[in-house]
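Please read them with the model open beside you.

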Amino acid sequence: MEFEDLTNMFAQEEDNSSSSVIADYEKQIFDYKQLIQISMSLSSTILDLTKLIETINYTTLAQMRTLGAGMFVMRTFDSNTFSLDDNYTGLEPDANIEYEIPVNCKFTNFLTEQNKTFTIPELKTAIGNENLPVQISSLKPTLIIPLKQKNRLNGVLLLGEQIISEPYTEYEREWILMLASLAAIAINNTSLIEQTTTDMMTHLKLKTYFYTVLEEKIETSVNEDLQLSVLMLDIDFFKKFNDTYGHACGDYVLQSISKIIAREIRGQDLAGRYGGEEFVVMLYKTDSKAAISVAERIRSAIETEKYVYEGSELHVTISIGVATLDSKEPISAKLLVEYADRALYQSKENGRNRVTLASKDMPSVKDNLAANENKKNADSEKKPETKKRSKSGAKTTKSKSTSKTKSKE
């Protein structure tokens with residue numbers, strides 16, 4: 001081979017090497033730009049944990065070229081387990097397994113101390129096969145990533161089957177770990193928001209937060225011509241639990257009812273404590289027929305549940321009003337809730353423990369109360385006056401007492 005040919009060959013290899021280095025740097029720059037965009041996307045969804053998790057999962061699918069992704073997170077900020085729930089796509093959970101992992105166990109404690117990703121074989125070597133939760137191994141993840149923020153484990157991200165059956169590179173592992181850090185920060189921020197918008201007694205949303213979300217969902221429903229319904233719920237004869245067994249019993253009933261309501265609705269729906277023994281539920285993308293079905297399911301579940309307080313069995317029922325948004329004639333969140341409240345009043349008037357659908361001609365609660373007050377006064381005037389003798393012997397007439405406003409109880 002001529003000297004000139006050798007020179008050209010080495011020059012070509014050097015050019016190829018330089019091109020490869022440049023290509024690697026360009027890819028890294030592109031990937032970092034992606035992380036910035038992902039961070040912005042995650043920040044815009046921190047008010048909705050369900051949407052946040054969905055965003056993280058789909059971002060992971062696209063960036064890591066996998067067919068599935070899932071995330072174990074705490075249901076509420078004070079949960080003692082990480083739960084999978086519906087936080088997955090492309091994975092195949094076993095119907096016989098409850099996908100909950102204790103916050104404090106060998107597996108989670110190990111991940112808390114680490115800042116790296118793991119495959120199943122790597123985890124088995126590190127903590128032993130007996131300490132690897134079946135909830136993780138049964139999903140057959142190709143990679144397990146801890147979601148950590150300030151040395152606190154906020155969840156566990158799982159990657160499913162890979163599109164290309166090749167081991168993850170160190171660069172890919174490093175990149176997904178950076179994504180996991182952004183996800184953990186977003187989840188932590190969502191948790192902080194949850195603490196300030198959640199009723200500590202029932203773990204349902206506060207009234208003000210509920211109205212904020214409802215206004216946003218109404219706007220979206222009108223713009224996209226979607227269905228949306230609201231339920232107003234009130235525990236029947238709630239006062240008797242406080243009067244008979246004490247306020248601690250009332251708290252027990254409120255907490256029990258709240259769990260049932262939360263259990264019977266979807267992740268895209270929202271339940272809140274309206275005040276006292278009243279609750280409110282937003283059913284997104286739900287027409288009146290489906291809303292009545294959900295309301296009946298909640299009513300039946302509450303009626304058939306077994307409640308035992310300090311050895312005493314309690315019978316608890318609930319009355320429900322349903323109102324559905326007409327996207328052709330949009331109304332405010334306040335008015336939609338008021339319509340549901342009118343229907344709730346009718347459920348109370350018609351015997352309680354029932355569901356009523358609001359109609360446009362249904363009178364307001366204020367009008368109903370006024371009508372009942374007038375009826376009471378009219379009935380009172382028809383009764384003969386009761387006469388008594390005073391101590392001095394003179395006849396006196398008992399004055400008519402003012403009727404009290406009828407409550408929903």
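1. The overall make-up comes first. The protein contains 12 helices and 15 strands. Keep in mind that this is a predicted model, so every value below is computed from predicted positions.

2. Of the 409 residues in the protein, 44% are buried. The protein exposes about 22900 Å², and carbon and sulfur atoms supply 50% of that area. Among the contacts with a separation of 6 or more, 65% are between residues 24 or more positions apart.

3. How do helix 2 and helix 6 pack? Helix 2 (residues 49-64) and helix 6 (residues 170-197) have axes 11 Å apart, at an angle of about 175 degrees. Because angles over 145 degrees count as roughly antiparallel, helix 2 is roughly antiparallel to helix 6.

4. The contact between these two helices can be read residue by residue. On the helix 2 side are Leu49, Leu52, Ile56, Thr59, Thr60, Gln63 and Met64. They meet Glu172, Trp175, Ile176, Leu179, Ala183, Ala186, Ile187 and Thr190 in helix 6. Sorted by class, the contact has 10 nonpolar, 4 polar and 1 charged residues.

5. Helix 7 (residues 207-224) has 18 residues. From its first C-alpha to its last it reaches 25 Å, close to the 26 Å expected at 1.5 Å a residue. Just after helix 7, Asp225 takes a positive phi of about 55 degrees.

6. Which residues of helix 7 are buried? They are Tyr209, Phe210, Tyr211, Val213, Leu214, Ile218 and Ser221. The cover over these buried residues includes two helices, helix 6 and helix 11 (333-349). Strand 7 (228-235), strand 8 (270-275) and strand 9 (278-284) are also included in that cover.

7. Helix 9 (residues 247-263) has 17 residues and reaches 24 Å from first C-alpha to last, close to the 24 Å expected at 1.5 Å a residue. Its buried residues include Cys249, Gly250, Val253, Leu254 and Ser256. Ile257, Ser258, Ile260 and Ile261 in helix 9 are buried as well.

8. Where does Asn353 lie? Asn353 is in the loop between helix 11 and strand 13 (355-357). Although Asn353 and Ser319 are 34 residues apart in sequence, their C-alpha atoms are 4.6 Å apart in space. Leaving out residues up to four places away in sequence, Asn353 touches Asp236, Arg299, Glu303, Thr317, Ile318 and Ser319.

Terms used
Residues numbered from 1 in each chain as written. Predicted model: local features only at pLDDT ≥ 70, side-chain atom pairs only at ≥ 80, totals over all residues. Heavy atoms only, no water. Helix = DSSP H or I, 4+ residues; strand = E, 2+ residues; numbered from the N terminus. Expected span 1.5 Å × (residues − 1). Buried < 20%, exposed > 50% of the residue type's maximum accessible area, 1.4 Å probe, protein only. Contact = heavy atoms within 4.5 Å. Areas by Shrake-Rupley, 256 points an atom, 1.4 Å probe, with all protein chains shown as cover. Axes fitted to C-alpha atoms, helices over the stretch in contact; angles between N-to-C directions. Parallel < 35°, antiparallel > 145°, perpendicular 65-115°, else oblique. Nonpolar A, V, L, I, M, F, W, Y, C, P; charged D, E, K, R; others polar.
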